[in-house]
Amino acid sequence: AALAGRLPCRLVASDSGARGLAEVGPVERRGAVEAVALLRPDVVLCSWMPLGEDWTPAFRDAPGVREYVLVGDPEVCGELWGTWGSAPGWS
């Protein structure tokens with residue numbers, strides 16, 4: 001949040017609240033797909049996508065999204081093939 005005032009862009013954090021995690025700063029209560037559709041970001045930073053879910057098609061299909069960055073362990077985040085493009089045993 002302290003960095004947001006010095007950036008030449010708008011920084012918005014969103015979270016569905018489904019996991020009940022404590023907020024560390026201002027967070028808009030909306031899911032990832034809804035947030036991307038509503039906020040129309042240029043860049044998406046996705047941190048620890050829930051296991052078994054893949055939001056990357058929504059990121060790729062959203063008009064204006066030029067890049068997305070995924071943070072997390074592929075073995076416990078998203079879908080191994082759909083999100084990360086790998087299969088078990090690949091190195």
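A residue counts as buried when its relative accessible area is under 20%. The views below show a predicted model.

**View 1. The aromatic pair of Phe 59 and Tyr 68.** The structure holds one aromatic pair. Phe 59 and Tyr 68 form this pair, with 5.6 Å from centre to centre and 55° between the planes, and the arrangement is tilted. Phe 59 has a relative accessibility of 2% and therefore counts as buried, whereas Tyr 68, at a relative accessible area of 27%, is partly exposed.

**View 2. Parallel pairing of strands β3 and β4.** Strand β3 comprises residues 43-47 and strand β4 residues 67-71; five bridges join the two in the parallel sense. Between β3 and β4 the chain passes through helix α2, residues 56-61, in a β-α-β crossover that is right-handed. Leu 45 has Val 69 in β4 as its bridge partner.

**View 3. The largest pocket and its centre.**

**View 4. Composition of the lining of the largest pocket.** The elements that each supply at least two lining residues are β1 (14-15), β2 (28-29), α1 (32-39) and β3. Strand β3 provides the largest share, with five residues. Sorted by class, the lining of the largest pocket contains 26 nonpolar, ten charged and six polar residues.

Conventions
Residues numbered from 1 in each chain as written. Predicted model: local features only at pLDDT ≥ 70, side-chain atom pairs only at ≥ 80, totals over all residues. Heavy atoms only, no water. Phe/Tyr/Trp six-rings, centres within 6.5 Å; stacked < 30°, edge-to-face > 60°. Buried < 20%, exposed > 50% of the residue type's maximum accessible area, 1.4 Å probe, protein only. Pairing = 2+ DSSP bridges. Helix = DSSP H or I, 4+ residues; strand = E, 2+ residues; numbered from the N terminus. Right-handed = clockwise from strand over helix to strand, strands pointing away. 1 Å grid on protein atoms, 1.4 Å probe; cavity = no way out; pocket = protein on both sides within 12 Å on 5 of 7 lines; lining within 4 Å. Nonpolar A, V, L, I, M, F, W, Y, C, P; charged D, E, K, R; others polar.
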